[in-house]
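Biologist: Can you walk me through the side-chain packing here? I'd like to start with the rings.

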Amino acid sequence: MLKIKELEFLVPDYLKNSDLLYVGILDIEGQIFFAGKQFITLFEPNGADIYEKNFRETLHEGNKFDLNDFLLQVSEKPNHQTQIQLIHGNKMIKWEFSVLKNAEGDFSGIMAVGHKISAVLPQPDFLLCSDNSDSQSDIFIQLNSRWEIVHLNSKAVEFFDRKAKELIGKTIWQVYPDQSFYKHALEFKNAKESKKPRIFEEFNSMNGRYYKIFVNPKSSGIDLLLKDVTDIQKVSEDYRMVNLTLQTVLDFSDEHIFIVSKDLRIFGFNNKAEQLIKSIFGKTLKKGDKFLAYLMDDMDEFFLKHVEDILQGKKFYLEREIHLNKLGQKIWYSHKFHPLKDLDGQVKGFLYSCKDIHQERIGFEKLAKQNKVMREVLYQQSSTLRSPLSSILGLLELIDKEKLDKENRKYFSYLKPLAQELDQLIRNNSKQISDLD
């Protein structure tokens with residue numbers, strides 16, 4: 001790590017003095033080595049000794065978050081930004097963590113830049129589980145220790161389709177619109193006995209909606225929050241179907257296909273790619289494997305030479321004879337590298353495909369040899385026949401037709417056109433050979 005003054009030099013002034021952004025530099029264990037103006041407020045009223053503190057001290061105890069493991073993952077991806085939402089006191093902050101490098105490109109720490117996305121409402125333990133509820137769209141219900149409704153919001157009134165005064169004092173079991181709600185009694189009971197929040201999902205058969213239910217136990221009873229996640233479920237289902245369709249297309253391809261991320265990890269492949277790795281390397285291909293570990297011989301040098309170009313959006317296609325050590329032979333393969341971009345045109349990885357073209361290549365080379373031989377034969381025939389034919393045409397011009405009798409004169413009249421026709425055929429063959437060359 002650099003000294004604090006050196007680190008401060010690496011941070012732009014607009015970040016250091018921002019009133020909106022939380023900016024800090026941490027080491028791999030979360031120790032703070034630099035803190036911007038807004039970042040210091042996370043430690044109030046003890047901001048003066050900020051450089052003796054650790055980032056984890058700002059985190060609410062309800063965050064299910066292993067800081068050491070997280071920072072280690074960030075450090076292993078020097079060209080990647082990792083986003084996460086965390087609760088700090090009464091604030092929900094969205095963070096972006098990335099590796100900070102000095103002018104020489106050496107590791108200088110981990111930069112954390114965050115902005116507040118909301119203030120945390122009362123019952124912070126509950127909200128840690130509720131993904132920060134939106135009071136405008138979420139159903140909120142408060143129950144006492146006897147499971148009776150003591151408070152509910154307008155969305156809850158709409159959900160139960162009854163007037164508020166008809167709901168207050170009723171037990172949740174009496175008014176819940178879905179007959180299968182009794183199945184959730186165990187979740188409620190466990191939350192109450194363990195004094196720990198519970199989260200689960202349900203499909204409400206009465207209105208056909210999906211809900212994520214947060215159960216927050218309190219000394220006076222239980223708070224319930226129901227988030228309508230129907231749209232998310234539909235998107236998830238659509239995403240799943242797109243993935244299934246894509247995988248089906250990949251599996252029907254006649255190429256071995258690998259989908260590789262920017263950190264050169266394989267995150268997708270088809271059946272043929274899996275079979276190829278099994279036959280060549282004797283290993284089972286898994287998502288997350290290193291792409292370089294499965295490059296064929298004679299391709300690693302090419303890839304390392306052009307990897308930066310590929311990750312900047314350049315396409316490559318080549319055919320190369322690959323030496324397969326295990327099989328003791330060389331096989332011709334075609335190789336394609338195609339960048340994968342998001343909707344903003346940013347390269348997120350690349351698709352690598354290869355295909356055994358050995359038989360095609362052999363067939364092409366055989367056909368090329370046959371064509372070469374045929375052209376040589378035609379050339380020889382043309383040049384060999386042309387010389388005597390020219391002599392014949394010359395001699396025909398010297399013959400005195402007047403000295404021929406009537407019958408021989410008739411045969412002579414047939415001979416010259418036939419010789420000229422043969423001469424034209426030879427000329428045509430010569431021209432076709434020249435065009436091929």
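Biologist: Which residues do ring pairs link into a cluster?

Modeller: This is a predicted model, so local features need pLDDT of at least 70, side-chain atom pairs count only at pLDDT 80 or more, and totals for chains, interfaces and linings use all residues. Residues are numbered from 1 along each chain as its sequence is written, and side-chain values use heavy atoms, with hydrogens and water left out. The cluster is F258, F291, F302, F303, F316, F337, F350 and Y352.

Biologist: What counts as a ring pair?

Modeller: Rings of Phe, Tyr and Trp (its six-membered ring) pair if their centres lie within 6.5 Å. Planes under 30 degrees apart are stacked, over 60 edge-to-face, and the rest tilted.

Biologist: How many aromatic pairs does the structure hold?

Modeller: There are 27. Take F39 and W95: their ring centres are 5.9 Å apart and the planes sit at 70 degrees, so this pair is edge-to-face. F39 is in the loop between β2 (32–35) and α3 (67–75), and W95 is in strand β4 (residues 91–101). That is 56 residues apart, so the pair links distant parts of the chain. Helices (H or I, at least four residues) and strands (E, at least two) are DSSP runs, numbered from the N terminus.

Biologist: Are F39 and W95 buried or exposed?

Modeller: Both are buried. Buried is under 20% relative accessible area, exposed over 50%, and partly exposed in between (1.4 Å probe, protein chains only).

Biologist: Switching to charges. How many salt bridges are there?

Modeller: The search of the whole structure finds 14. A salt bridge is a side-chain nitrogen of Lys or Arg within 4 Å of a carboxyl oxygen of Asp or Glu. E193 and K189 form one, at 2.7 Å, N to O. They are four residues apart in helix α8 (residues 185–194), about one helical turn. E193 is exposed at 54% relative accessible area, while K189 is partly exposed at 42%.

Biologist: Which residue does R209 form a salt bridge with?

Modeller: D228, with the closest N and O atoms 3.0 Å apart. R209 lies in strand β9 (residues 209–218) and D228 in strand β10 (residues 221–228), so the pair ties together parts 19 residues apart in sequence.

Biologist: Last one. Where does the charged end of K192 sit?

Modeller: Over the ring of W147, 4.5 Å from its centre. The cut-offs are NZ of Lys or CZ of Arg within 6 Å of the ring centre and within 35 degrees of the ring normal.
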